[in-house]
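Please keep the sequence and the 3D view at hand while reading.

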Amino acid sequence: MIHIKHVRGPLAATILSVISLAFAGPTASAESDALVVANGSQPPSLDPHVSTATTTNILARNIFETLLTLDANMQIQPGLAESWNVSEDGRTYRFTLRPGVKFHNGRALTPQDVIASLERWEAYSQPGKNIFQGATWTAEGENTVALQLPVPRFNALQTLAPLFAQSAVIMPAEIVAAAGDKPVTEIVGTGPFRLVDWQADRMMELERYDKYTSFGGKQSGTAGNRTPAFDKLRVEFVPDESTRTLGLSTGEYDLVNPVAFDNISEIQANESLKLGSFPGVLLNVGFNYGKPGIFHDIRARRAVSVGVERQSILAAAAVDPKFFRLNNHLMLLAQKQWAPNVGETEFNPADAGKAKELLKEAGYDGSELTLITSRDFAEMYNSAIVIQQQLQGLGLNVKVESYDWSTFVKVRADKNAWDLIIMAAVPKADPTQLIFLNKDLPGGAQDAGLEKILTKFRNAKTTEEAQKLYGDLDAWNQEYIPSVRIGEVDYPFAMSKRVEGLQVQYEPIPWTVRLTD
Amino acid sequence: MNMPLKIENLKISFGRGAVEAVRDVSLELRPGEILALVGESGSGKSLTARSVLKMFPEGAVVDGRISLTGDNVLEASPNDLERLRGEAAAMVFQEPSTALNPVFTIGWQIGEGLKAHGMRDPRERRARAVELLRDVDIPDPETRVDCYPHQLSGGQKQRVVIAMALALRPAVIIADEPTTALDVTVQAGILDLLRRCRDELGSSILIITHNLGVVADLADRVAVMYQGRIVEEASSTALFSSPKADYTRRLLAAVPRLGQGTAKDDNTSRERLVLVADQLEITYPSRFGRTPVPAVKSVSFDIAAGEVLGLVGESGSGKSTIGRAVVGLSPVTGGAMRLFGADLRHVKGESLRQLRRRVGFVFQDPASSFNRFMTVFDCIGEPLRVHRALSSSSEFRSRVLELLDQVQLPREMATRYPGELSGGQRQRVGLARALALNPEFIVADEPTSALDVSIQAKVLELFRALQKELGFAALFISHDLAVVEEIAHRVGVLRHGQLLELGSARQVMSSPSDDYTRLLINSVPVPDPLAQAKKRMLAGSIS
Amino acid sequence: MAMTGTNDTIRSTRGGALSRALHNPPLIFGFTIIAGMAFAAAALPHLLGLDPLAVDPLHRLKAPSATHLLGTDNFGRDLAARILAGASTSLRLAASVTILAAAIGVAVGILASFSRLLDHVLMRICDGLMAIPAMLLALALTATFGPKFSNLLIALVIVFVPGIARLVRARALALRTETFVEAAVAMGASNLHIMARHIFPNVLSVLAVQVTFIFAETIVIEAALSFLGAGVPPPAPSWGNILYDGKAAITKAPYMVFFASTAIVITVIGLTMVGDGLRDLVDPRMGVRSEPGMAKRLFRLVLPRTSEGER
Amino acid sequence: MLSYTLRRAGALLPVLLVVSVIIFSLAYLTPGDPARTTLGPEALEVDVQNLRDSMGLNDPFWVQYFRWILNAIHGDLGTSYFLNMSVAEAIGQHFLPTLQLAVLTILYALVISIPLGTLAARWRGSIFDRGVAGFTLIGLTFPSFVLSLILVIAFSVWLHWLPVAGYRNPFSDPWNGMRYLILPALSLGTIYAAVITRTVRASVLDVLKSEYVDAARSRGVNETRLLFAHALRNAGLPIITMIGLSFASLVSGAVVAESIFNIPGIGSLLVNAIERRDYPVLQGVVLFLTCVYLGLNLLVDLLYGLIDPRVRLSDAGAK
């Protein structure tokens, strides 16, 4: 799923043409054999076991590795585990570790490291707790590790491969033991890059690990030969989006992730820059089931689902139609393994009349409703403004309150503080982990029918069985409407022409790059 | 040797001719002569003097010719002007404390003048500066040359300013009210210094003043200015003995003369005492890092009902502090001070308020003793309102108008703001305010020293009339002996917080028992050139 | 004892303040700018039927055209309407902050000048508040109490009160040594009477000059706060958040930033002129020597203010 | 002079105490906390509460305050939750860039404002004076980040003379270090130049009106010497105050420029700390900035003593 677009667009006519960006060619960047990445967000830590932040997970995968990997078609491939087998009852897995793998501090990888890491991952991470509840790990001999599941899980292997967030990465046992529930401070992994220097809020310097043991086969996605073709990887944290774009145009940065939606047009206008994107978030309007109110009535929820005009909301959120699309199904269209065969994908009736009828039937009394969003994420803030306007068009008295992220999360936990919420959910390996269906999330939907399907889903033995259950889940979602899906929004990124062969899995993969000067 | 200074039909006006400050003045200063330019504030004397060095305030429109040692100053080019200023003519300013740059040493500032006129070598400049300081009798000039202005006394500072003027032996010295800011004793010294400049250096001096005593003491010739014109010009003896212009005559009459105090009946019956000071001590508390300052050291006196006690002394003598202590504006820290029998040291709150109701206070500076945002009517009526003396507003109104009549001010003044009145009018409003609650005791802290001589005479006349008519007792504080002699029944002389002499006005003024009082009386220049000359011979030793 | 050299014959005509105000060019010019801006903000949106909130994402960031005089913003909302509505928000915020801060500041300042104990307590708190940089104090306060207009108002008032309190206290202390206040004390007036009749009117003169700077600075601080995400909460328009939105699209639609900053520049220039004019009107003698006019303007934005009047 | 300094320093302690209480309560009241930020956007409430317990965030307000203030007195400002370094170290690391930027900006501002202000006062009312007045007005009112963006677009994107953003320590890499600081210094400096010019003009004008300047003129001293020798030193007092103010505001306030030019200064450290609710850093940095502000005030006071003998000598009781 590689998006390399090379699209020319007319240069936007601007009043102050003197300010228009007639770019000259990029100057030579500081060092020739280093990839300089300008990253928009800062990781709170580099410990995927503890932090659910995607930035942490994506940066950490350059340093830490997982037992299994996923190729370009998202099929499971060997990782630190060279091979593995499954018992008939699907409850016992034995993984044979790849020989000769060394940690960055020179120490060889041992089964004890794998067990300590994965036990910690089970204890503190979301996927670990959801799918590996009650699982036990035992070492067998010098290079084999056995996993004992209480009940067969179809997605057990998939969860041990790289995920969007909180991948099951392997760290030295003593470091894991020392850290406990707080993020690890000593960063030692087995990955293609070694951490040289990390000055938070400024930059992170990584170096190719000379004694790296690559995985077998041709490089594809996060699988295969992962040895980087260049020496240094420098990640600069540049929170200001226009600075990131300007830095790209002067050649100071080779790769900028993400790029502001409004800067796309001028990047397209510059031949020496290339544009790409990766699946960003699933945008939903959530309801507050923790607080008594109109939205406990299905008719009110359907009114919102029917009434809103999704195209213009997505246009406000992501500007360019290439970066958003309608998708009324639970999982991303790009996640081919979950076939979207229930209901209409491009569901966007935008029927204000029907919506008003439904609201009257539901007995909406015109009381004020609060829609909360966060201004730290452009797509959440922009879509909230448009949604508020549209809902007021339907007669709902909605006011918007936008907070910085930390306050937003705190306000969300207070069930009397809001009625509607913008949910920008990170895509997950399987539907059971989606936050829309999570009853523990503040204001989450509580429905016996849902729980029944979810437990059946979690105990599905095979992927086929899981895919059938996905149909039921999707049908339930479109029937019960726990939250109104607006659509999918991709995050664009951009690179200078010196970056060749870049592949994307969740986000751009640095070690797949070849630098041409 | 041509005329050092010749001013021909000088005209100066402001605001595009709207206000004519100097109207066609012509003057001549002969070599080695001291010419006095006399007039009240607003007569244009200062402007005329400053035009000799072409130093005009902004927006001044000037016409006429001024020839200074041959050059016409008004047409001089900038570097001609720089050569003339200091060499041909130099200036001595009124306020010594602001005429010296606070952040540079005395030596440096004197050196600046020398440097501007070509003396390159710093060591030579320093030597010349020390020599100049010695010429003007500054003690221990070698160390004083490196001092800063704030480390010298008022008199010393003025001597330094004069030293700066003498630096280049200018033909003409222009002294703009050189002694007005100084105490009487210090003033005598400066006048002698100026006289020595003329006698030993031969420079001619143009002195500007409003004090006729100074004129009589120093000037050979006098020019009297009134509203921008010279109304009379004559030798000083001729002017004082037979003044021609009636303005000059009125001016001379208005000057209070020592020894001619009108005989006041000594009211012997001093049975009811209004104010008694018994070894009174006033020490200001020490502020952070400053040592405590004893202002008044064990002073004892008393004032009977209907009696006016005059307190005389130079600046820093503590006379104002005593006046302020009466109304609790300064703290009584030792001894006792009983007002209407109550000791001010222990009285507080309501009883203090009732005491203050029976005392009126007249302040020195008319400009700042009224709140800009209150009309004259409110200012006068404020004591009544504070003590809710009169219930109905009509009674209140009539009382205020009655007070205006008493101080001889037109009734329509009531609606105007203090800012729009003249100094003399404002002081009358001050008097009216003090009399509002017809107090039995008035404290007047230098009420007329901020006024021109002619206006001062009228206000004193009013004060005396009201005192006689209403019979209130009064504590009259002043640095001017002649004024005190005219007003007070009894007089006390203060120096550095101590009461040196206390007695009836005539006895203290004619035959003082204390040496300091005698020095004080002698230092006051009498507006009579002959008497001054005699006094100088006699007092040759003291100054 | 010094002979006052003031020239008694030439005195200003009756009704001093008003006549001097009329021929004081900076005051007049500045005042017309502010009045014009306020009128435009209040009246024009109704006259031209503009809706600052109507969203039209498909026509976003369009250059100025016939339908949209100043073009559209990144939600397709009419920029002219938003700048005008923004003007009313910013001016309303600035006006209310100024009035509240001035009222509290005057009260604190005068009280501090009258009682020693109160003086120590109040001034230490003011020092504390002034030592914390204004912008970060506002940021923390809006983060703490949520980004509502009222919270921003309270935050900015807290930011400005110490500065005014210090200035008023210094002026009040100076006034207490003035002769006319001593005269009031001498006649037995109570503290309350002195505060109300004498101190308060004379403190106003200093305040009038200070108020215009607070007014101008509020507008600029709001813009900076919006930049850090703590200004007037969207979707309500304010010049600050228009600028912030405009910054993201500066390469594509620079006119957004251009028009918003021009509006700010014009208003603040107008206010500066009113401030300078007021200073000359209020105290001709104070003239230039007083606190150098707009000089402190920027510092309130970020600075812990100096403790003038103390040295 | 020493006793004067000690006395002034002593007066700062109560202020520091007041500031520490204010900023600690602000941090305590701010919604959101480091635990929630550490665990990321989709953490569950129960996990957040567990982490809060282990971080001691659920202790009562005063317990947390005294624990923090006692450590602070012993010099230990605590460690950051996110920067895996001690707060003191973080401040040290971030203060250097801000200090360098502040010094460069002030120098640039002074180079422009001292001559401009003085000459504007000298030729009062001339076209030059009105031109300077216009420049200062624009300088004061122009939103700073718009100016920064224009400079970046002009000098980096168009002319490629200077880098867009970033920071290198000029001590270790002088050539690049300076190149990174020029644009931010220019954009900030222009505003401070405008402000200081106004102060210089105002105070020089005021001094030129005083009598001792007239007195010097009456002794033949020419105008230029009057201006630069006699007047400027007296006019220095308010100018020094203004420079002290500018420096204090630069140290804590260049946050807007720091975020545009991506300079890891103390301002952006504080803004990130607020965003991430990194309490120890937030409290530590504000306390540090308060000391800098109060220190600068003290320095300005002492400089007063240097320039104005009345202050220096009256304290030592030389009279």
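In chain D, the C-alpha centres of domain 1 and domain 2 lie 32 Å apart. Domain 1 of chain D covers 2-73 and domain 2 of chain D covers 88-318, where the bounds of domains come from an automatic or database domain assignment. This is a predicted model, in which local features need pLDDT of at least 70, side-chain atom pairs count only at pLDDT 80 or more, and totals for chains, interfaces and linings use all residues. Residues are numbered from 1 along each chain as its sequence is written, while chains are lettered from A and ligands numbered from 1 in the order in which they are written.

**Domains of chain D**

- Between the two domains of chain D, the contact takes 19 residues from domain 1 and 14 residues from domain 2; two residues are in contact if their C-beta atoms, placed from the backbone, lie within 7 Å.
- On the side of domain 1 of chain D that touches domain 2 of chain D, at least two residues each are supplied by α1, α2 (34-39) and α4 (61-73) of chain D. Helices (H or I, at least four residues) and strands (E, at least two) are DSSP runs, numbered from the N terminus.
- With twelve residues, α1(D) gives the most to this side of domain 1 of chain D.
- By class, the side of domain 1 of chain D that touches domain 2 of chain D has twelve nonpolar, five polar and two charged residues. Here Ala, Val, Leu, Ile, Met, Phe, Trp, Tyr, Cys and Pro count as nonpolar, Asp, Glu, Lys and Arg as charged, and the others, Gly among them, as polar.

**Helices α5 and α6 of chain D**

- Helix α5 (residues 87-122) of chain D packs with α6(D) at an angle of about 135 degrees, and their axes are 8 Å apart. Axes are lines fitted to C-alpha atoms, for helices over the stretch in contact, and angles run from 0 to 180 degrees between N-to-C directions.
- The helices α5(D) and α6(D) are therefore oblique to each other; angles under 35 degrees count as roughly parallel, over 145 as roughly antiparallel, 65 to 115 as roughly perpendicular and the rest as oblique.
- The crossing in which α5(D) passes α6(D) is left-handed, a term used if the near helix is turned anticlockwise from the far one by less than a right angle, with right-handed used if clockwise.
- D:Leu116, D:Leu119 and D:Ala120 of α5(D) make the contact with D:Phe128, D:Asp129 and D:Val132 of α6(D).
- This contact of α5(D) with α6(D) has five nonpolar, no polar and one charged residues.

- D:Tyr167 is found in the loop between α7 and α8 of chain D.
- With 23 other C-beta atoms within 10 Å, D:Tyr167 is buried. A residue is buried if 20 or more other C-beta atoms lie within 10 Å of its own, exposed if 12 or fewer, and partly exposed in between, with C-beta atoms placed from the backbone.
- Leaving aside neighbours within four places in sequence, D:Tyr167 is in contact with D:Pro97, D:Tyr180, D:Ile263 and D:Pro264.
- From C-alpha to C-alpha, D:Tyr167 and D:Phe261 are 8.3 Å apart in space, although 94 residues apart in sequence.

**Contacts between chains**

- Chains C and D share the most contacts of the five pairs of chains in contact.
- The contact of these two chains takes 45 residues from chain D and 44 residues from chain C.
- Elements giving two or more residues to the side of chain D that touches chain C include α1 (2-29), α8 (174-208) and α13 (279-307) of chain D.
- That side of chain D divides into 33 nonpolar, nine polar and three charged residues.
- Chain D is also touched by chain B, with 25 residues of chain B in contact with 23 residues of chain D.
- The largest share of the side of chain B that touches chain D comes from α2(B), with four residues.
- No contact joins chain A and chain B, and their closest C-alpha atoms lie 47 Å apart.

**Domains of chains A and B**

- Chain A is divided into domain 1 (2-272 + 497-515) and domain 2 (279-491), and 29 Å separate their centres, taken over C-alpha atoms.
- Chain B is divided into domain 1 (99-169) and domain 2 (307-327 + 350-533), with C-alpha centres 41 Å apart.
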